[in-house]
Amino acid sequence: MSNHKPLLEMKSIVKDFGGLRALDNVDLTIDAGEILGLVGENAAGKSTLIKILTGIYSKTAGEIFWEGRKVEINNRADSLKLGIDAIYQNLGLVETLNVPENLFLGKELKKKILGITILDNKKMENESRRFIKEIIGLDITNFRDPIINLSGGQRQSVAIARAIYWDAKLVIMDEPTASLGVEEVLKTFEIIRNLKKNNTAVIFICHNLEHVFEVADKIMVLRTGERVGFMNRKEADKQQIVSLMVGLDAKTAS
Amino acid sequence: MFMEEKEMATKMVVARGRSIGYYAEVMGPFLAIIIFALLMAFLAPRFFIPQNLINIFYSASIFIIMAVGMTFVITGAGIDLSIGSQLALSGVLMCFICKFTDLPPILAIPAGLFIGTVLGTINGLLIVKLRLPEFIATLATMIGYRGIVLILAGGFSMYRFPSEFIFLGRYRLFGVFPISIILSIIVVIIGYYMFRYTKFGRYTAAMGGNKEAAILAGIDVDKYKILNFALMGFLAALASLITIGRLDAFHATYGTYMEIDTIAAVIIGGTALYGGVGKIWGSFAGAVLMAMVTNGVTILRLPYFYQYVAVAVVIIISVTLYTLRAKRA
C-alpha cells in the first residue's frame, strides 16, 4: 500500500448559490511540483473552485485534504497559511503601490526604532530588487513607481514574484497569459517551469489550449460545474479537450 | 465608466517621470503657495507683516489637523462629510464637562478626544456593518450630530472657559507664536510617519487603491476602514479644542462647511479623490494655501463671499494641472 499523499485533494466539492449549483461533486488532486491545467468554458465552475480553495467562497459540501490532513479553508488567511497563493486575472495587485509595497503587502518587514515598530521600507526595497532580478530575471529600474506605470508583463512578473517569494506550495494562476505579448508569455512559461523545479505545484487556468499543452502535466476539464475530464497531458489531444469542454463527442466536434 | 474615471484620477496623482515634471508634481501645492505669495506681494504688501503670516498659520492649524485625518479617509477610498458636526458635537460635550461637572477642567480634553473617536467610530461602523455608502452614512451623521449639538446647546453660546481647558488654542509661545501651529505641525509629522511607516498607512493606501487585492493579501479592510474614521473623529475633536480655545467660546454653528474646505485642501494637496494615493504634506500645503486665499481676500478688503470664488478657482487650477500632467505621462 502506497504512502503517497498528494499535496492537495478536493473531494466531492459542492457549491450552491441559492438554487443554482455552481459545482457538483468535483474532485481535484495535485501533487507537489505538478502543473495542472484547469480548463472549461465560461461559467464551467473554474473560478468558483479556485475561490473555494483560496477561502473567498465557502463550500456547500465536500472535503479538502492538504498534505494528507483534512483542513477547513474559511478565509484568505487560512489559505495563505497553508501555502496556497493565487495570481488572479486582474493580478491582485494594488496599482497605486510600488513593487516592494506590492511584493510585501500583508507581510511587511519591520524594524524597531526607539522601541517603536515601523515598516522597514529600505529592506523591502532592497530585497524585492534582488529577488525580482535574480529569481524572476526581470530588470525593473523604476522600483519606486506605482505599478500602474509598469508594462503588463512586468506587472505579471511582480504578481508571480509575490507568490514565489513567500514560498507558496501551490500557486494558482488565473489566465496569466491573457494580456501578454509573445515574449512575455514565453517568460511566464519559464517561470512556471522554474516553480515546478522548486517542487511548487501550479494550477494553471487558461482558455488558450496551446498554452495549457505547453506547460501542464495533467489537464482537468470542467463543464457546467461538473468534472468531465482528468488526464495526463501526454495522453490527451486538443480535440478531445475541446469536445469535453463543449459537451460533444470528438467525432461530432471535428 | 467609473473604473475609467478612477484609473484616470489615479494616473493624475501617480504619474511620474524622471523629469522636472515629477518634482513639479510633488512640490505643486508648495509652488502654488509661493506663486500666491508673490501675487500678494504685488497686490498687498501688508500680507507679509509677520503678525499676518502668523494669523494665516493660526487659522490654517485647524484645517491642517482635519486635513491629515481626511487624507487617510480619502486615501482609503472614503469620504467623511460629518467632520464639522463631529467637531461641534465633541466640542459641546467637552464644554459641558468643563462647565457643568465637578471634574477637573483638564479632564475635559481626553474626554473630548475620546468622544470624537467614538463619533468617528460610529461612522466607520455604519459603513462597515450596515454596508451604507460612505457619502450617505456621513451625510446622515453630519445632520444627526449637528442636530444633537443644537439640542444640547439650545442656540446659546458658552464663553470663558478655564485656562487649562483652552490652552491649546489660546496660548502663544513667547507671547507671539500660537502653540496650535506647533501642534498642527506635530500632527502632520506623525501623520506622515503613520502613512509611510506603519501598516495602518500602507493598508489604507492598499484598500483605497484596490480593495479586492487588499482582501486577497489577507488585509482586514473593514478594520482599517473603521480605524480611518476613528482617527478622523479624534482629529476633529482635537481641532475642536483649538477652535474653542482660540475664541474662548463655543457656538453650535462651529464647524459648519468645514468638510468642504478640508476636502478641498486634501484634493489641492494631491491626494487622489478615488483613493489609493495620499499626500500628507500636500494636504498641509493645501490647508495653508486655503488659509492664505481666505486671508488674502480679507487683506484686499474684498467682500467675505469672494473667498468662496477664490477657493473654487484654486481647486480648478490645481486639478487641471494634475490632469494635464497625467495626459502627458
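Let's start with contacts along chain A. Take pairs of residues at least 6 apart in sequence: 64% of those contacts join residues at least 24 apart. A contact here means two C-beta atoms, placed from the backbone, within 7 Å.

A word on the source. This is a predicted model: local features need pLDDT of at least 70, side-chain atom pairs count only at pLDDT 80 or more, and totals for chains, interfaces and linings use all residues. Residues are numbered from 1 along each chain as its sequence is written, while chains are lettered from A and ligands numbered from 1 in the order in which they are written.

Now chain A as a whole. It has nine helices and 12 strands. Those are DSSP runs, numbered from the N terminus: helices are H or I with at least four residues, strands are E with at least two. The C-alpha trace spans about 65 × 40 × 40 Å along its principal axes.

Next, burial. In chain A, 44% of the 254 residues count as buried. Buried means 20 or more other C-beta atoms within 10 Å of the residue's own; exposed means 12 or fewer; partly exposed is in between; C-beta atoms are placed from the backbone.

Look at helix H1 of chain A, residues 46-53. Seven of its eight residues are buried. Among them are Lys46(A), Ser47(A) and Thr48(A). After H1(A) comes Gly55(A), with a positive phi near 80°.

Over to chain B. Here we have 14 helices and four strands. Of its 329 residues, 52% are buried.

Packed helices are described by the angle between their axes and the distance between the axes. The axes are lines fitted to C-alpha atoms, for helices over the stretch in contact, and angles run from 0 to 180 degrees between N-to-C directions.

Pair one: H3(B), residues 50-75, and H13(B), residues 280-299. They pack at about 140°, axes 8 Å apart. That makes H3(B) oblique to H13(B). The cut-offs: under 35 degrees is roughly parallel, over 145 roughly antiparallel, 65 to 115 roughly perpendicular, and the rest oblique. The residues of this contact of H3(B) with H13(B) are 13 nonpolar, eight polar and no charged. Nonpolar covers Ala, Val, Leu, Ile, Met, Phe, Trp, Tyr, Cys and Pro; charged covers Asp, Glu, Lys and Arg; the others, Gly among them, are polar. On the H3(B) side you will find Phe63(B) and Ile64(B), and on the H13(B) side Met290(B) and Met292(B), among others.

Pair two: H7(B), residues 163-170, and H11(B), residues 221-247. Their axes come within 6 Å and cross at roughly 100°. H7(B) and H11(B) are therefore roughly perpendicular. This contact of H7(B) with H11(B) has six nonpolar, three polar and two charged residues.

Last, where the chains meet. Chain A brings 19 residues to the contact, and chain B brings 21. Which elements of chain A give two or more residues to the side that touches chain B? Helix H2 (76-82) and strand E8 (116-119). H2(A) gives the most, with three residues. By class, this side of chain A has 10 nonpolar, four polar and five charged residues.
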